Amino acid sequence: MADPMRVRAQETGGIVDVKVLMKHDMETGQRKDSSGKTIPAHHITTITATCKGKQVFQGEFGPAVSKDPFLNFKFKGGAKGDEVSVTWVDNKNDTRTDKAKVS
Amino acid sequence: MNHKRREALRLTAVIGLMAATGLISQAEAAAWNKAAFEGKTLDEVLKALGGSSADKSGAITINAPDIAENGAVVPVGVTTTMAKTQQIAILVEKNPSALAAQFIMTADTEPFVASRVKMGQTSNVHALVKADGKWFVSTKEVKVTLGGCGG
């Protein structure tokens with residue numbers, strides 16, 4: 001499995017604010033290495049987040065998202081103590097899932 | 001069994017298995033909108049996302065710096081007051097591929113998203129928002145002093 005991501009979920013007034021810091025090179029496929037060869041594209045393609053078994057967020061990243069992607073989203077219906085699970089899949093079919101409890 | 005049928009069956013089995021184990025939702029199994037991420041202009045991306053035209057809207061706010069010190073990491077946030085927001089897409093007009101990221105809201109998702117994108121040069125950042133079946137757009141110019149594509 002790839003490197004862990006940091007997930008923080010905080011609930012205020014019924015809205016859960018989720019911040020995720022993923023670890024990923026996010027190679028665009030445009031850069032060349034020192035010998036002039038193009039470094040192939042390697043980036044996260046899809047992200048999904050669920051809480052209590054329900055999907056609360058879905059995203060698609062292109063290669064233009066910065067290295068070590070940061071993502072912030074919010075959803076209703078989560079309470080303190082609930083677990084939020086975030087999963088990403090990249091274009092080489094590598095994947096990573098991390099969870100955090102809503103505080 | 002001929003090769004094509006075998007391949008089709010294998011693929012269905014793999015995707016079915018992935019969906020069944022919850023690794024990817026059924027809807028996602030087909031996803032990562034390749035056509036949208038290959039779009040070079042706002043119109044191409046919009047078409048690939050299923051829209052035909054987007055009305056300018058003042059109800060969309062783009063949170064991004066006027067001047068980005070580092071084009072490799074430009075924070076961009078989009079929020080909207082529109083009801084029934086279904087989708088938000090962030091585009092960097094002058095990037096090799098205009099669409100940086102797109103997000104799909106469920107009924108419980110707040111119409112807000114923030115991330116960081118690479119910008120190759122000073123460019124317009126467009127936020128496309130789909131609300132209640134219609135597409136809207138808002139634009140903000142972000143100046144970049146140091147380009148973010150490693151070149």
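Helices (H or I, at least four residues) and strands (E, at least two) are DSSP runs, numbered from the N terminus. On that basis, B:Asp132 lies in the loop between strand E8 (123-131) and strand E9 (134-144) of chain B. The model described here is predicted: local features need pLDDT of at least 70, side-chain atom pairs count only at pLDDT 80 or more, and totals for chains, interfaces and linings use all residues. Residues are numbered from 1 along each chain as its sequence is written, while chains are lettered from A and ligands numbered from 1 in the order in which they are written.

**Chain A overall**

- Chain A contains zero helices and seven strands, giving the pattern β-β-β-β-β-β-β when read along the sequence.
- The C-alpha trace of chain A spans about 55 × 20 × 20 Å along its principal axes.
- Of the 103 residues of chain A, 40% count as buried; a residue is buried if 20 or more other C-beta atoms lie within 10 Å of its own, exposed if 12 or fewer, and partly exposed in between, with C-beta atoms placed from the backbone.
- Among the contacts in chain A with a separation of 6 or more, 54% involve residues 24 or more positions apart; two residues are in contact if their C-beta atoms, placed from the backbone, lie within 7 Å.

- A:Lys52, found in the loop between E3 and E4 of chain A, has a positive phi of about 55° although it is not a glycine.
- A:Lys52 counts as exposed because it has 12 C-beta neighbours inside 10 Å.
- E4(A) is mostly covered, with six of its eight residues buried.

**Where chain A meets chain B**

- In total, 28 residues of chain A are in contact with 32 residues of chain B.
- On the chain A side, the elements that give two or more residues are strand E3 (44-51), strand E4 (54-61) and strand E5 (70-76).
- By class, that side has 12 nonpolar, 12 polar and four charged residues; Ala, Val, Leu, Ile, Met, Phe, Trp, Tyr, Cys and Pro count as nonpolar, Asp, Glu, Lys and Arg as charged, and the others, Gly among them, as polar.
- E4(A) is joined to strand E6 (residues 99-105) of chain B by five bridges, and these strands run antiparallel.
- In this pairing, A:Gly59 stands opposite B:Phe103 in E6(B).
- E5(A) is joined to E7(B) by four bridges, again in the antiparallel sense, and the bridge partner of A:Leu71 in E7(B) is B:Ser115.

**Strand E4 of chain B and its partners**

- Five of the seven residues of strand E4 (residues 74-80) of chain B are buried, so this strand is largely enclosed by the rest of the structure.
- Strand E2 (residues 60-63) of chain B runs antiparallel to E4(B) and is joined to it by four bridges; B:Ile62 has B:Val78 as its bridge partner.
- Strand E7 (residues 109-117) of chain B is also antiparallel to E4(B), with six bridges joining the two.
- B:Thr79 stands opposite B:Phe112 in E7(B).

**The largest nonpolar core**

- In soluble globular proteins, nonpolar side chains tend to be buried together.
- The largest nonpolar core has 59 residues, of which B:Ile90, B:Leu91, B:Ala100 and B:Val117 touch the most other members; such a core is a set of buried Ala, Val, Leu, Ile, Met, Phe, Trp, Tyr and Cys residues joined through C-beta atoms within 7 Å.
- Leaving aside neighbours within four places in sequence, B:Ala100 is in contact with residues of both chains: A:Gly62, A:Ala64, A:Val65, B:Ile90, B:Leu91, B:Val92, B:Asn95 and B:Val117.

- B:Asp132 has a positive phi of about 55° although it is not a glycine.
- With 9 other C-beta atoms within 10 Å, B:Asp132 is exposed.
- B:Thr41 is placed in the loop between helix H2 (34-38) and helix H3 (42-48) of chain B, and is exposed, with 11 other C-beta atoms within 10 Å.
- B:Thr41 and B:Glu93 are 52 residues apart in sequence and 6.6 Å apart in space, C-alpha to C-alpha.

Notes:
Pairing = 2+ DSSP bridges.
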